[in-house]
Structures are given as C-alpha cells and as structure tokens.
Amino acid sequence: MTNADPPCPSAIMKFSLIAALVVVLAIGCESGSLVKRDIPAEIETLTKYFQDAIETVKSHELISQAQGYLEEGKTQITPLTDKIQEHAEKIQEQMKPFVSDIEKQVRPMADNLQAQFMPLVDKMQAQFKPLADDLQAQMEQLFQTVVDQTKALLPPQ
C-alpha cells in the first residue's frame with residue numbers, strides 16, 4: 001500500500017470496533033459512579049459516531065471507484081483520440097490541393113477588385129482631405145473662441 005492509497009475499509013472497521021469497545025468499557029466502568037448517566041443519549045452519540053465512520057468508509061470506496069472509472073475511461077478514449085488526430089491529419093492533407101486550387105482561382109479576382117477600388121479610394125481621399133482640413137481649422141477656431149470667452153468671464157488677477 002502506498003502513501004496515496006486510502007486506508008483499507010476493513011482496517012477502518014476494525015479500528016472503529018476497537019474504539020467503540022473502549023468507549024463502552026469506559027461507560028461501563030463509570031456506571032457504578034454516583035453520577036446518574038443518560039445512557040440513551042450516550043448510545044445515540046455512539047450510534048451517530050458509527051454511522052459517520054461507515055459513511056466515511058463508503059465515501060473512500062466511492063472515491064476509489066470513481067478514480068478507477070476515470071482511469072478506465074481515459075485508457076479507452078486515448079486510442080480514439082489518436083485515431084481522430086490521424087483522420088484529421090489525413091483530411092488536412094487531402095484538402096491542401098483543393099484549398100490551393102481555390103486560392104489560385106480567387107487570387108486574380110481579389111487582385112482585380114483591389115486594382116479597381118484603389119483609384120476610387122484615392123479619389124475619395126483626395127476629395128475628403130480638404131474637407132477634413134477645413135473642419136479641423138473650424139474646430140480649432142471654435143475652441144479658441146470658447147477659451148477666449150471663458151478667459152473674459154474670469155475676474156482679473
């Protein structure tokens with residue numbers, strides 16, 4: 001058993017039984033004392049302790065079982081993912097000539113479209129440049145007017 005393995009359920013049960021026996025003996029030894037004990041409450045506490053111990057053992061078993069299922073699933077899926085990867089690479093290799101042919105057909109059309117649009121873009125840019133420059137000059141003049149008027153409203157220093 002390695003350090004990472006959970007304790008054996010039978011070992012936990014044996015330990016729990018020994019612990020319960022010690023508790024019962026301790027209760028029995030003290031039962032002769034003058035203090036009146038609440039035996040049903042102590043039995044209920046012991047019952048709850050054992051139920052908790054059993055649940056702990058069951059949860060360890062469930063965790064181990066779940067880890068086993070995960071490992072089993074992983075071993076089953078690994079060959080499948082390898083096959084999928086192989087098929088994907090084959091499809092990619094088969095598609096290369098097709099994609100290359102499409103690119104060869106589309107490239108002249110894209111170059112032609114760019115050649116037609118570039119003069120239009122240049123013409124539009126030439127027409128908008130003076131308008132943009134004029135707008136910028138007007139905005140600067142408006143800003144300067146606002147600054148001047150704001151300064152005029154301020155009290156002299």
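Colleague: Where do glutamate 93 and lysine 96 lie, and how many residues apart?

Modeller: Both sit in helix 2, 3 residues apart, about one turn of the helix. Helices here are DSSP runs of H or I with at least four residues, strands are E runs of at least two, and numbering starts at the N terminus. This is a predicted model, where local features need pLDDT of at least 70, side-chain atom pairs count only at pLDDT 80 or more, and totals for chains, interfaces and linings use all residues. Residues are numbered from 1 along each chain as its sequence is written, and side-chain values use heavy atoms, with hydrogens and water left out.

Colleague: How many helices and strands does the protein chain have?

Modeller: There are 2 helices and 0 strands. Helix 2 covers residues 39-153.

Colleague: What links glutamate 93 with lysine 96?

Modeller: A salt bridge, meaning a Lys or Arg side-chain nitrogen within 4 Å of an Asp or Glu carboxyl oxygen. In this pair the closest N and O atoms are 3.3 Å apart. The structure holds 3 salt bridges. Another one joins aspartate 111 to arginine 107 at 3.8 Å, N to O, and those two are 4 residues apart in helix 2.

Colleague: Is glutamate 93 buried or exposed, or in between?

Modeller: Buried is under 20% relative accessible area, exposed is over 50%, and partly exposed is in between (1.4 Å probe, protein chains only). Glutamate 93 is partly exposed at 49%, and lysine 96 is partly exposed at 46%.

Colleague: What about methionine 109?

Modeller: Methionine 109 has 54% relative accessibility, so it counts as exposed. Across the protein chain, buried residues make up 4% of the 157 residues.
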